[in-house]
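User: Hi! Could you walk me through this model? I'd like to go through it piece by piece.
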Amino acid sequence: MKKPLISVLMTIYKDKDYLSEAIESILNQTYKNFEFIIIAEPETPDESLEIIKSFQDKRIRLIINKKHLGFPNSLNKGIRIARGKYIARMDADDISLRNRLLIQLIFMEFHAKIVMCGTNVFMINSNGEIMNKSRFPGNEKAIRVWLYFACVIFHPTVMFRKDVFISERFFYKGQQAEDYELWTRICLKHNIRNLRSALLKRRIHSGNSIYLYRQEVYKNTVDAQKRMWNRLGIVIDISKPFYENGELTPRELRERKKYIDKLEQKVPFFLGKKLIFQNIRNEVIKD
């Protein structure tokens, strides 16, 4: 087997309900020169392992951790052992559209200065029915601004350059919102893009981490946002993530308006800046 150009990286713990569909969506990609690294924890049920083994596809590299590493450390392990020039993320409950790898690969090959690209997604329910489509910002300047307020790069859609991640030690930290924290570090030094097309179906169900670990996700998100703002010399006093705008007090609304104004003054002018901040005000402040 020739050296793969892409390493698809997925971790599993106790996933099984949607696992087969997720794996099939990768193996059925129109682009074929990839390896599929699946890292399982020691506690992963035999039923899940049997689902993986049933595919009998030589591109699958099933690795079972000798001890429990957790999600971020398993991803870091996968990044280190990947043989591809590019690493594409995948989750065990989502569905990649058939042209996903091909489209992202072409984009990355023709844009050497882009370190990572994500895509938009179709949100589906537990039955696979499409509910809506995301509308993430596309260019690097818009993404960089939006990351002060929300995670606008969807983790299971990303494809990134392995050599940059290894050489600059862009590894995951923490247990929840680990992707957001990593994106806020990468965007300081490199350009990130989101492709306009939706190339993945994101399944919304009760097993999503935002529902299982809501408080930890919120805390780590707030910490990541505080660190990002601190790098600009702006100290923010928030107890809820910026995107959590359901029950804001009048004081919290005033503070958020003030923070957005300060950030707008700090960010150098670029074409479309005014519209981006207008959209941010509409999304972050709903009074």
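Analyst: Happy to. One term to begin with: helices (H or I, at least four residues) and strands (E, at least two) are DSSP runs, numbered from the N terminus. This is a predicted model, where local features need pLDDT of at least 70, side-chain atom pairs count only at pLDDT 80 or more, and totals for chains, interfaces and linings use all residues. Residues are numbered from 1 along each chain as its sequence is written, and side-chain values use heavy atoms, with hydrogens and water left out.

User: Thanks! Where does glutamine 56 lie?
Analyst: Glutamine 56 is in the loop between helix H2 (46-53) and strand E3 (60-64). Although glutamine 56 is not a glycine, its phi is positive, about 50°.

User: Is glutamine 56 buried or exposed?
Analyst: Exposed, as the relative accessible area of glutamine 56 is 73%. For the cut-offs, buried means under 20% relative accessible area, exposed over 50%, and partly exposed in between (1.4 Å probe, protein chains only).

User: And what about arginine 169?
Analyst: Arginine 169 is not a glycine either, and has a positive phi of about 55°. You'll find arginine 169 in the loop between helix H6 (162-167) and H7. Arginine 169 is exposed, with a relative accessible area of 56%.

User: Back to the loop between H2 and E3: is arginine 59 there buried or exposed?
Analyst: Arginine 59 lies in that loop between H2 and E3, and is buried at 15% relative accessible area.

User: New topic: at what angle do H7 and H9 cross?
Analyst: The axes of helix H7 (residues 178-186) and helix H9 (residues 214-230) cross at roughly 10° and come within 9 Å. That makes H7 roughly parallel to H9. Axes are lines fitted to C-alpha atoms, for helices over the stretch in contact, and angles run from 0 to 180 degrees between N-to-C directions. Angles under 35 degrees count as roughly parallel, over 145 as roughly antiparallel, 65 to 115 as roughly perpendicular and the rest as oblique.

User: Which residues meet there?
Analyst: From H7, Tyr180, Glu181 and Thr184 meet Thr221, Ala224, Gln225, Arg227 and Met228 of H9; contact means heavy atoms within 4.5 Å. The residues of this contact divide into 3 nonpolar, 3 polar and 2 charged. In that scheme Ala, Val, Leu, Ile, Met, Phe, Trp, Tyr, Cys and Pro count as nonpolar, Asp, Glu, Lys and Arg as charged, and the others, Gly among them, as polar.

User: Which residues of H9 are buried?
Analyst: In H9, the buried residues are Val217, Tyr218, Asn220, Thr221, Val222, Ala224, Gln225, Met228 and Trp229.

User: How many residues are in the largest nonpolar core?
Analyst: The largest nonpolar core has 53 residues, and those with the most contacts inside it are Met116, Leu147, Phe149, Phe165, Trp183 and Trp229. A second, separate core of 35 residues includes Ile52, Leu101, Met108 and Leu200. Here a nonpolar core is a set of buried Ala, Val, Leu, Ile, Met, Phe, Trp, Tyr and Cys residues joined through side-chain atoms within 4.5 Å.

User: What is leucine 147 in contact with?
Analyst: Setting aside neighbours within four places in sequence, leucine 147 contacts Val152, Ile153, Tyr180, Trp183, Thr184, Cys187 and Met228.

User: Let's switch to tyrosine 86. Where is it found?
Analyst: Tyrosine 86 is in strand E4 and is buried, with a relative accessible area of 0%. Leaving out neighbours within four places in sequence, tyrosine 86 has contacts that include Leu5, Ile6, Leu105, Met108 and Met159.

User: And leucine 105, is that buried or exposed?
Analyst: Buried, at 7% relative accessible area. Leucine 105 belongs to helix H4 (residues 100-110), and, neighbours within four places in sequence aside, leucine 105 is in contact with Leu5, Ile6, Tyr31, Tyr86 and Met159.

User: Last one: what does H3 pack against?
Analyst: The buried residues of helix H3 (residues 71-81) are Pro72, Ser74, Leu75, Asn76, Gly78 and Ile79. They pack against strand E1 (6-12), E2, strand E4 (86-89), strand E8 (159-161), H6 and H7.
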